[in-house]
Amino acid sequence: MTRQRGDVVLETRGLCMHFGGVRAVDQVDFTLFDRELRCLIGPNGAGKSTFFKCLTGQLTPSAGEVMIRGQAMTGAEPFEVASLGVGIKTQVPNVFDGLTAEENIWISARRWHDERRTRAVTADTIERLRLGDIRRMQLGRLAHGQRQWVELGMVVAAEPWLVLLDEPAAGMTHDETFRTAELIEEINKTSALIVVEHDMQFIRMISRTVTLFHEGRILMEDTMDAISADKRAREVYLGHRA
Amino acid sequence: MNSGMLRQMRPTFFYALLGLVFMFVAPQVLQLFTIINLTTAIALAVLALSLALIWGYGGILCFGQVAFFGLGAYVYTISAINFGGSTWAIVMAVLVTSAFAAALGYFIFFGRVSDVYLGVITLTVTLIFFSLIRRTSGPEYKIGNALLGGFNGVSSPPINLPWNTSQFLFPEHVFYVAMAALIICYVFAGWLVNTKFGRVCVAIRENELRAELLGYDSRLYKLGIFTIGAGIAAIGGVLFCNGVGRITPDVFNLYNAALTIIWVIVGGRGTLIGPIGATFALFYLTSALGGQSVLNNNLVLGAILIVFVLLVPKGVAPTVIDWVNARRKTAPVRVRRRRGARAEGTE
């Protein structure tokens, strides 16, 4: 693998997603560089989750294109996006409820490794994410935060080079949120990340560059401090919060 | 096969061993009539096993598993008549049925047809077979030398020794073949669900989107398990027409399509032995009910289904397993507590 920090790993050009007359995503040009950590923020209905779903293949864009590492991935199936080595966590926890935490992570690791290495990676991931206590518990019986962690474990176990997270800290306790931020920093050492988030505190913990969505478009792209200081940004989003 | 899988498969081997014992003991103690009857039950158990695999593990509610069962029986019968021997006819039955299932499954899974419509499509295919073959009673409906015979069906040539067409098997020998086939199919299915393929199928059953987001093409896995299930059902069909001696279009009727689902519901989804056991139990229950005229057969079956859906929704085998696991989990805790109490007492 010859990846360098300056390489573009993900790019969209003129990306649109229309639902009937609603333009959920409207002409979005977006670029992500390798080993970058980017947060997507915006008020409810700004189009960030729709944009996220277009990237992961859960939605087929109405127009425009998605390029991942130079490959055209517009309208690809989710498994095709994931098969490039992209780790994805959806907004609603998507886990295998009938399986144990260990089996969940095993399935993820087995996609990339042989039997023996899978066992090692699974054990490693469980230790890294401190899932030892719930290893043999069925996911359906776990609390929301724990399920989120197992899902993060599945993402990590695939050892992705690009990670897309939709609201990873949603519904987590303060402590869990803090650990999630730590984990994201750690993932960022080896891979690029896009994080869709609502939680301002969380974004301040992790953010480098923030992309602000508003009415399906990118309003601005800057550091969190710059966005907080910007008048337009405060009007659409931060005004009533900060 | 590694040690982990061997450990996982321990219950499978245990039941396979029980089956082997039964296979050799039953002909010694049971009457020939019972043995012939059992052969039919075993054939149906193979059918139940195939649905247990694709519904219980693959999450594919195929309402027309009998279509593959019946197709296998018809292909076997027609091939055996034309080839003048059973060996290649059995191979044909499995191959043709699997190929048919693969073609049907391709449109279903790659067309991303949802679960409900999958049930409707598979049931419709079954009923199409039923109507179609019922109308083939004239002498013009023949494939090679085999007359299809309409609703009277075709009489099936018995299985002969491999590549020795003069050595036909007698009904008591067909029992051994059927039992061996059931055990082999059972161990094969038990192995399959513990492979990477099987585990990914279970993952897809649990959450298809998540499996795709991990990079698995769910369509391929579903098509795979669907095709394998159809092949196993075809083996059941071959055994069935051997046990009964003929195959009629009635195999494709709605009653049989529903019955297959009932076996799996009663036996329990997510296990293989449950539906097999349920098939034997319900087969003997219906036989026993056939001997009396107080209660209507279908009424009793319907009542059983309702009772199970309401009271034992997981089916017998998973409920028993849960119960045993719960006991196993609480037992050591109790011992520990008692020791703890004693320790406190001495302090």
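Analyst: Let's start with a rule for naming angles: under 35 degrees counts as roughly parallel, over 145 as roughly antiparallel, 65 to 115 as roughly perpendicular, and the rest as oblique. Please keep in mind that this is a predicted model.

Now look at chain A, where helix H3 (residues 101–110) packs with helix H4 (residues 115–128) at an angle of about 130 degrees. The axes of these two helices are 9 Å apart.

Which residues make the contact? From H3(A) come Glu102(A), Ile105(A), Trp106(A), Ala109(A) and Arg110(A). H4(A) answers with Glu115(A), Thr118(A), Val121(A), Thr122(A), Thr125(A) and Ile126(A). Sorted by class, this contact has 5 nonpolar, 3 polar and 3 charged residues.

Helix H4 (residues 65–83) of chain B packs with helix H10 (residues 218–244) of chain B at an angle of about 55 degrees, and their axes are 7 Å apart. That angle makes H4(B) oblique to H10(B). The crossing of H4(B) and H10(B) is right-handed. On the H4(B) side, the contact includes Phe68(B), Phe69(B), Gly72(B) and Ala73(B). On the H10(B) side, Gly229(B), Ala230(B), Ala233(B) and Gly236(B) are among the residues taking part. By class, the contact of H4(B) with H10(B) has 11 nonpolar and 7 polar residues, with no charged ones.

The structure holds 1 cavity of 30 Å³ or more, and the largest cavity has a volume of about 70 Å³. There are 13 residues lining the largest cavity, and the closest to its centre are Val86(A), Gly87(A), Ala158(A), Leu213(B) and Leu214(B). Three elements each supply at least two residues of this lining: strand E6 (86–89) and helix H5 (144–157) of chain A, and helix H9 (208–213) of chain B. E6(A) gives the most, with 3 residues. By class, the lining of the largest cavity divides into 9 nonpolar, 3 polar and 1 charged.

How values were computed: Residues are numbered from 1 along each chain as its sequence is written. Chains are lettered from A and ligands numbered from 1 in the order in which they are written. This is a predicted model: local features need pLDDT of at least 70, side-chain atom pairs count only at pLDDT 80 or more; totals for chains, interfaces and linings use all residues. Side-chain values use heavy atoms; hydrogens and water are left out. Axes are lines fitted to C-alpha atoms, for helices over the stretch in contact, and angles run from 0 to 180 degrees between N-to-C directions. Helices (H or I, at least four residues) and strands (E, at least two) are DSSP runs, numbered from the N terminus. Contact means heavy atoms within 4.5 Å. Ala, Val, Leu, Ile, Met, Phe, Trp, Tyr, Cys and Pro count as nonpolar, Asp, Glu, Lys and Arg as charged, and the others, Gly among them, as polar. On a 1 Å grid over the protein atoms alone, a cavity is a set of points where a 1.4 Å probe fits but cannot get out, and a pocket is an open set with protein on both sides within 12 Å along at least five of seven lines; lining residues have an atom within 4 Å of a point. Grid points are joined across faces, edges and corners, and a volume is the space filled by probe spheres set on the points. A crossing is left-handed if the near helix is turned anticlockwise from the far one by less than a right angle, and right-handed if clockwise.
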